[in-house]
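Hello,

Here is the structure I promised to pass on. Have a look at it first, and then read my notes below.

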Amino acid sequence: MKKIVALLLALMLSLGALAVLAEDYPAKTVEATVPWSAGGGADIVFRALAKVFPKYANDQQMVIKNVAGASGVTGVVEFLLNASKDGYNVLHWSNAHVSKTHMTKVDYDAYSFDMVAQICESANYLLVPADSKWNTLQEFIDEAKANPGMISLADAGVGGGNNIAAELFAEAIGAEFNLIHYAGGADEVTALLSGEVEAAICNTPEGMTNVDAGQLKILVSFASKPFEHYPDVPLAIDAGIEEIKDLVIEQWRGVVVQKGTDPAVIEKLAAILEQCVADEEFINTLKEQQVVARFRGTDEFAAFNEAEDKRFENMIKTKGLGDRY
Amino acid sequence: MKKNRFADLIIGVLMVLLGIVVLVLSQGLAQAKVGLGPAGYPRAVAIIMLVLGLVMVISTLAKGLSRMTWQPDRQAFLRVAGTVLISFVYLWLLNRIGFLFLTPFYLFALMWIFGYKNLKVAALASIGSAVVIYLLFTKAFMVFLPEFSMF
Amino acid sequence: MFNELISGLQFVFQPYAFLMMSFGVMVGIIIGAIPGLSGSIGIILLMPLVYRMDSNVAMVMLCGLFCGSMFGGSVAAILLNTPGTPSAAATVLDGHPLARQGEAGKAIGVAAISSFIGGVVSTICLILIAPELAKVALKFHAADYFSLAVFGLTIMASASGKNMLKGLMSGAVGMLIATIGTDPIVGNSRFTFGSGYLLNGFNILPVLIGVFAISEVLMTVRTQAADATIQEQNVRNFFPSFKEFKGFFWAAIVGGLIGVFIGIVPGTGGAITCFLAYNVIQRLSRHPEKFGQGSLEGLAAAESANNGTTGGALIPMLTLGIPGDVVTSVMLGALTLIGVKVGPLLFTNSADTVYTIFAGMLVIQFLMLGLGLFYARVSPYVLRISQKLLMPAVMVLCVIGAFTLSNNLYHVYVAMGFGVFGFFMKKYGYPAAPLVLGVILGPMAEQNLNRALTLSRNDWSVLVARPISLSFLVLSVGLIALALFNAAKDAKKAKAQDAA
């Protein structure tokens with residue numbers, strides 16, 4: 001009985017004037033749906049976010065709900081069907097979700113939700129064994145162009161971030177690789193170490209402990225800024241190679257809410273997230289993973305989302321990946 | 001296996017059919033240049049199923065169709081069907097009524113189907129277990145359970 | 001090395017560390033015992049605690065949870081015929097028959113002792129030869145994984161007990177089930193009929209819950225008049241006699257070793273290992289016919305193998321930064337969150353952490369033995385509760401277990417569906433174990449064959465060119481030939497008996 005009454009009261013509060021709601025936001029726990037399983041990259045970032053969230057959100061907690069499955073689809077669909085529009089349910093959104101919409105027919109697309117803000121980005125990079133025959137990026141590219149389809153290049157799964165990055169790279173330099181799909185970054189690293197593949201496209205922090213130990217080396221990073229930890233690694237954009245001088249491929253993550261959420265609430269949430277992203281603790285936790293805390297506000301994020309969406313659509317259509325097109 | 005030879009026959013036939021269905025369905029899957037395509041593995045499994053199904057059918061028929069009987073136990077069948085039906089209803093309502101309120105009814109119904117005679121004890125046990133499980137999982141284990149969401 | 005080990009031991013024996021470690025083991029056993037909850041969920045549950053503690057203490061606590069959950073799964077397997085975790089799937093084969101015979105206490109006791117032996121064996125391997133063993137793991141390429149999977153699948157022919165044909169059919173269905181969803185090669189949806197949910201495919205956990213647990217509930221409701229309570233349990237006798245101990249000791253050692261070696265190979269988990277160990281021990285045993293009816297050797301093999309994988313899975317995690325199985329990958333995530341950098345440099349940079357883990361693992365085995373024997377004494381009382389009250393509760397736990405997988409009801413429906421399917425399987429004598437093997441090993445075989453062929457550019461000879469791959473394939477062919485030979489021999493014997 002008490003529970004029903006409490007629920008009714010909470011509902012009355014939420015049904016109250018939206019303007020009032022925005023000012024009090026958040027007045028209770030915010031639930032973040034992460035469509036990936038616990039312990040993975042997405043989960044780690046969002047848990048780091050949840051840790052600092054109360055500081056800037058009236059001491060309200062952010063609670064993580066993992067809804068893993070079908071490379072992120074299950075969680076997104078579940079959110080689409082069940083999440084409330086009051087800003088108390090938020091969703092993890094990343095490039096992987098966007099690219100997935102072009103791989104198979106799913107019930108949503110990159111524009112099904114209202115963008116709130118981007119919170120981080122992480123670089124894609126090219127990993128090879130430390131003793132591999134290639135010492136510079138140019139050597140690698142030359143051999144790739146001279147022998148189409150011969151160099152084995154690992155990625156973390158069809159349509160995933162690393163796979164798209166590999167395809168974009170191949171397209172930029174006009175080469176063809178023998179793409180080998182693995183079931184995740186850790187498996188890619190294993191394959192590199194065991195000598196099964198010759199190269200791999202990875203995302204932070206995959207393989208970084210092995211780079212530190214001298215087992216692997218990074219030939220090039222596709223980030224927009226150099227690695228803090230590896231200042232000597234060249235960036236694609238200033239490696240001095242014509243074909244890749246504009247090539248920036250990064251994985252990014254952000255927060256979105258249901259379409260139709262009150263803009264005032266979105267604005268408030270974005271402001272909170274901006275403070276979280278600037279928080280020392282958050283930045284440092286992400287640094288451990290070589291992930292860069294990066295904030296893009298609501299409009300900027302929406303524009304970026306659209307740009308990435310078009311980029312992936314183009315890539316997937318051209319290469320004939322997946323079965324949507 | 002003397003009993004249920006009829007069932008074995010049916011299952012063998014079903015297996016053969018399933019193999020054929022999979023082979024047909026996998027025609028629509030793309031081919032790959034290198035390595036197996038998406039269709040390679042399902043086709044292999046389908047062929048295995050076909051072979052196994054045929055072996056089953058043949059060996060069952062070889063043992064003779066004579067001693068096949070089918071005496072379903074009506075009571076047992078109703079109990080099992082009832083359990084399954086109630087379970088699906090429970091799941092269907094779970095997201096609306098929530099775990100805490102719905103589970104006691106479900107438990108009570110199951111106990112009744114199982115034939116537990118003392119209804120008072122059953123009712124108490126149902127409510128008690130549901131509450132204990134709910135508290136244990138949501139408060140101690142911090143796991144999400146379906147909540148009441150009718151309004 | 002010895003000195004560091006001593007200081008590691010000193011660390012874990014400090015009150016706080018010891019307490020947290022014991023807590024981890026205890027929570028692990030309880031979580032493992034609930035069908036549907038597994039070690040991964042346990043780790044997530046302890047996250048709030050993990051945040052607040054010293055990272056070394058956190059590590060040993062998580063290791064305690066990992067080992068505890070492996071044992072905990074067997075408690076449910078023995079008492080309720082439903083594995084609490086996927087790695088306890090082989091334990092039901094002999095564990096539950098023992099419970100039916102009234103020896104639940106002894107079964108759990110043997111399980112505890114075997115888990116202890118397996119854990120100690122794997123910890124010793126971990127301490128002495130971790131880096132070398134890691135190198136072995138790296139020798140596995142895609143072709144080798146494929147042949148390993150084939151080998152595992154041929155175990156089906158033998159794990160099927162009397163009726164090989166039915167076992168194989170069961171396995172084939174399992175392999176087919178695993179194809180539903182997104183294919184791993186080009187990302188097409190396979191057999192999903194346009195449903196967003198079926199893109200998921202069928203996860204092993206709801207399949208396991210359905211085929212083992214829910215089907216058991218349905219079978220019980222069918223024969224409701226019969227045993228209201230399982231035969232009076234022999235609770236006082238939870239410790240095996242010395243003679244019995246001598247009988248299964250060798251099985252536990254071998255099982256543990258198998259567990260370590262397979263556990264090292266990244267991507268293999270407790271489930272595959274325990275079936276493999278079970279089968280190997282069956283072949284080597286002097287009483288193979290007892291397997292499936294309550295053989296202590298079979299139980300010991302399955303149990304020590306799944307604990308053997310704990311040390312095994314930790315090896316690649318600690319030496320290469322690559323998780324050996326699902327639970328270790330969640331552990332890796334948890335450790336990253338608190339700033340522990342696991343990887344090849346761990347041995348050089350943080351030797352003290354490494355030795356703390358070694359020392360912790362040793363002590364954990366003893367803790368687990370103690371708690372395990374305690375459970376052996378106490379938990380058979382659970383069986384005193386009328387099945388009519390117990391089974392409904394098990395059903396609800398199954399629902400929760402499947403639900404927590406991804407916080408939505410899809411997996412529960414899947415579990416329920418497989419429960420009905422599993423019921424029919426049990427009714428008509430189709431063994432469930434091969435189905436589980438098919439679901440786990442099918443994808444492993446497909447993905448790796450595909451990778452091997454892509455790497456070799458459609459050159460199938462790579463499968464026999466690599467020594468590891470060749471060995472497994474030869475073993476597989478050998479196993480099949482042996483099984484067929486035995487089946488023919490049995491058929492001839494049966495015909496002779498009929499004629500006589």
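Let me begin where chain C meets chain B: 5 residue pairs are in polar contact there, both residues being at pLDDT 80 or more. A polar contact here is a pair of N or O atoms within 3.5 Å; within protein, one must be able to donate a hydrogen and the other to accept it, and residues adjacent in sequence count only if both atoms are side-chain atoms.

A word on the source: this is a predicted model, in which local features need pLDDT of at least 70 and side-chain atom pairs count only at pLDDT 80 or more, while totals for chains, interfaces and linings use all residues. Residues are numbered from 1 along each chain as its sequence is written, chains are lettered from A and ligands numbered from 1 in the order in which they are written, and side-chain values use heavy atoms, with hydrogens and water left out.

**Chain C and chain B**

In this pairing, 62 residues of chain C are in contact (heavy atoms within 4.5 Å) with 58 residues of chain B. The buried area is about 5300 Å², and carbon and sulfur atoms give 81% of it; this is the accessible area (1.4 Å probe) that two parts lose on being put together, summed over both. The rule finds 1 salt bridge across the interface, meaning a side-chain nitrogen of Lys or Arg within 4 Å of a carboxyl oxygen of Asp or Glu. Lys166(C) forms this bridge with Asp8(B), and their closest N and O atoms are 3.3 Å apart.

**Chain A and chain C**

Here 47 residues of chain A are in contact with 38 residues of chain C. About 3600 Å² is buried between the two chains, with 59% coming from carbon and sulfur atoms. Helices (H or I, at least four residues) and strands (E, at least two) are DSSP runs, numbered from the N terminus.

**Helix H4 of chain A**

Because 7 of the 10 residues of H4(A) are buried, this helix is largely enclosed by the rest of the structure. Buried means under 20% relative accessible area (1.4 Å probe, protein chains only). Val73(A), Glu78(A) and Phe79(A) are among the buried residues. Their cover includes strand E1 (30-34), strand E3 (89-94) and H5 of chain A.

Best wishes

Note on methods:
Buried means under 20% relative accessible area, exposed over 50%, partly exposed in between (1.4 Å probe, protein chains only).
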